Amino acid sequence: MARIMEAATGLDLWLLGLLLLALLLAANEVGFRLGRRRTAHLPADAGGHVGVLTTGMLGLLAFTLGLAISIADQRFEARRDLVVREANAIGTAWLRAGLLRDAAEAAALRRHLADYARIRLDYTTARPDRDRIAALNRATEAAQARIWTMAEAAARQDATPLTAALVAALNETFDAAQAQRYAHESRVPAHIQWLLLAGSLLAVGAVGYQLGFGPQRHGVLSTLLMAMWTGGMLLVADLNRPREGHILVDPKPLRWALESMDTAAGAGRR
């Protein structure tokens, strides 16, 4: 079931929107025709009871949509906050690397940290290509190993509070990368997405069923309701796509960190 939902949400947003709108319109049409057929077999006041039940269904569906949007937004905010956290951690480690007594070791470690920041920037902005992302994860791990080996050697040669502070900054940097990777893999649970889709079809069908009892169909308003509901579900789908769509994490903090490193390195060479 999770694979089916992943395949569906992997569609282009416009195509996914048209598909969802078509399903909602079809459910509304089926409900309306059933309501028309039942009108002749029910008492005159049956429409009022149907309205009460439909209102309850729409209220529960609105709660489900709000829950799904909230979960998707939390995932998005976590990814955005982690970009800032990772950029700050890399910048702090880069600054502390310059405090090593051996100038050559300090310069080499700073170069490796700048290269590491570029890898992390590429990871943050990578498109949904499994091979590319896997390669960037391997590059991240290799860069971490190189940086840690250098820091470990520096700490053994000169065990001071400054090297301890550097090691702490590197630990935070590596932890932020792991948290960022997990945040990009985290999605809205598939069961909630299925519940939202099934609940939408049932509730929209109930609205059509209720309209089938009335003298007018209100086709324009019904279509607008379907379109608005499709927009809400598309918002969930968009927030649920860390590497594509229209709502993406801004990688500017990492770019700013790299710019600061390049500016400071250039000033140091002059």
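The model is predicted, with local features requiring pLDDT of at least 70 and side-chain atom pairs counting only at pLDDT 80 or more, while totals for chains, interfaces and linings use all residues. Residues are numbered from 1 along each chain as its sequence is written, and side-chain values use heavy atoms, leaving out hydrogens and water.

**Helices α5 and α6**
- The axes of α5 (residues 130–157) and α6 (residues 161–185) come within 10 Å and cross at roughly 170°.
- That angle makes α5 roughly antiparallel to α6 (over 145 degrees between N-to-C directions).
- Residues of α5 including Trp148 and Ile147 meet residues of α6 including Phe174 and Leu170, where contact means heavy atoms within 4.5 Å.

**Aromatic pairs**
- The count comes to two aromatic pairs, a pair being rings of Phe, Tyr or Trp (its six-membered ring) with centres within 6.5 Å.
- The rings of Tyr116 and Phe174 have centres 6.1 Å apart and planes at 70°, so they are edge-to-face (over 60 degrees).
- Tyr116 lies in helix α4 (residues 103–125) and Phe174 in α6, so this pair ties together parts 58 residues apart in sequence.
- Both Tyr116 and Phe174 are buried.
- Ring pairs link Tyr116, Trp148 and Phe174 into a cluster.

Conventions. Axes are lines fitted to C-alpha atoms, for helices over the stretch in contact, and angles run from 0 to 180 degrees between N-to-C directions. Helices (H or I, at least four residues) and strands (E, at least two) are DSSP runs, numbered from the N terminus. Angles under 35 degrees count as roughly parallel, over 145 as roughly antiparallel, 65 to 115 as roughly perpendicular and the rest as oblique. Rings of Phe, Tyr and Trp (its six-membered ring) pair if their centres lie within 6.5 Å; planes under 30 degrees apart count as stacked, over 60 as edge-to-face and the rest as tilted. Buried means under 20% relative accessible area, exposed over 50%, partly exposed in between (1.4 Å probe, protein chains only).
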